[in-house]
Amino acid sequence: MTDRTQPKHADGYLLPDKVYQTLKWAALVLLPALAVFTNTVGPALGLPHVDAIVTTLNALGLLIAACIGVSQAKATTDK
């Protein structure tokens with residue numbers, strides 16, 4: 001019988017390193033850059049609901065950052 005409370009990764013993180021690094025890049029670089037690009041270019045192209053799109057992109061970046069932060073906190077407390 002296995003203990004389901006133990007993380008599956010030897011380093012204590014809830015996420016594999018490649019997933020963690022990809023999500024970190026998306027939250028810190030990709031989504032903020034995409035939000036600024038959308039806010040700048042969207043009105044010039046006549047894109048509807050630019051403010052809602054930018055808000056959604058920023059909220060998604062924050063959600064991803066919070067999720068990877070939980071993984072980081074879990075690894076830190078397990079050490």
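Helix H2 comprises 29 residues and spans 42 Å from its first C-alpha to its last, close to the 42 Å expected at 1.5 Å a residue. The model is predicted, and its chain contains two helices and zero strands. The buried residues of H2 pack against H1.

**Helix H2 and its buried residues**
- Buried positions in H2 are Val-50, Val-54, Leu-57, Gly-61, Ile-64, Ile-68, Ser-71 and Ala-75.
- An α-helix has 3.6 residues a turn, so residues three or four places apart point the same way.
- The partner against which these buried H2 residues pack is H1.

**Nonpolar core**
- Seven residues form the largest nonpolar core: Ala-27, Leu-31, Ala-35, Val-50, Val-54, Leu-57 and Ile-64.
- Two or more residues of this core are supplied by each of helix H1 (17-41) and helix H2 (50-78).
- H2 provides the largest share of the core, with four residues.
- In soluble globular proteins, nonpolar side chains tend to be buried together.

**Contacts of Leu-31**
- Leu-31, a member of the largest nonpolar core, touches Ala-26, Leu-57, Leu-60, Gly-61 and Ile-64 when residues up to four places away in sequence are not counted.

**Chain as a whole**
- Of the 79 residues in the chain, 22% are buried.
- The chain has an accessible surface of about 5,900 Å², and carbon and sulfur atoms account for 68% of that surface.
- For contacts between residues at least 6 apart in sequence, 57% join residues at least 24 apart.

Notes
Residues are numbered from 1 along each chain as its sequence is written. This is a predicted model: local features need pLDDT of at least 70, side-chain atom pairs count only at pLDDT 80 or more; totals for chains, interfaces and linings use all residues. Side-chain values use heavy atoms; hydrogens and water are left out. Buried means under 20% relative accessible area, exposed over 50%, partly exposed in between (1.4 Å probe, protein chains only). Contact means heavy atoms within 4.5 Å. Accessible areas come from the Shrake-Rupley method with a 1.4 Å probe; for residues, only the protein chains shown count as cover. A nonpolar core is a set of buried Ala, Val, Leu, Ile, Met, Phe, Trp, Tyr and Cys residues joined through side-chain atoms within 4.5 Å. The expected span of a helix is 1.5 Å times one less than its number of residues.
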